[in-house]
Amino acid sequence: MSDESLVCDFCSGEPIWVYPMLHTNEVVMMNSMPIGDLDRDWLACDSCSGYIETDDSMGLQNVTLTSWKHHIGSINKLPGDWVERRQKLIIEAVHRVFYSRRNGARYLLRNT
Ligand SMILES: [Zn+2]
């Protein structure tokens, strides 16, 4: 795996930190839809890690929401507030997985 393919799991920025996770082999579902491969350690950029370390979960959600708006241009035909509500629900669910499976302190991605 090449380093360039790694992105912050919260904002798609450049990852600096690794958050060890409990591995459960459980697929996270929302409304009967799987919402991503979450069964691995998570990566965070310095900025998002700051929200995590200060327990600012709302700040983290807002960063993720802004990042998603930036990346998702193809569903603009849907009403903006509907899309935003839906994205918020997914982000809340994904972040809940993160907080419930955190397993130990963060460490630097490249500490060699
Ligand atoms: Zn980030």
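Colleague: Is Leu43 buried or exposed?
Modeller: The cut-offs for C-beta atoms, placed from the backbone, are 20 or more others within 10 Å for buried, 12 or fewer for exposed, and partly exposed in between. Leu43 has 21 such neighbours inside 10 Å, so it counts as buried.

Colleague: What am I looking at, and how far is the C-alpha atom of Leu43 from that of Cys8?
Modeller: It's a predicted model, where local features need pLDDT of at least 70 and side-chain atom pairs pLDDT 80 or more, while totals for chains, interfaces and linings use all residues. Residues are numbered from 1 along each chain as its sequence is written. Leu43 sits in strand S4 (residues 42-44), strands being DSSP E runs of at least two residues and helices H or I runs of at least four, numbered from the N terminus. Cys8 is 35 residues away along the chain, yet the C-alpha separation is 5.1 Å.

Colleague: Within what arc do the buried residues of H1 fall?
Modeller: In H1 (residues 46-53), the buried ones are Cys48, Ser49, Tyr51 and Ile52. They line one face of the helix, because, going by directions from the helix axis to the C-beta atoms, they fall within an arc of 155°.

Colleague: Which residues does Leu60 touch?
Modeller: Contact means C-beta atoms, placed from the backbone, within 7 Å. Leaving out residues up to four places away in sequence, Leu60 touches Phe10, Cys48, Tyr51, Ile52 and His95.

Note on methods:
Contact = placed C-beta atoms within 7 Å.
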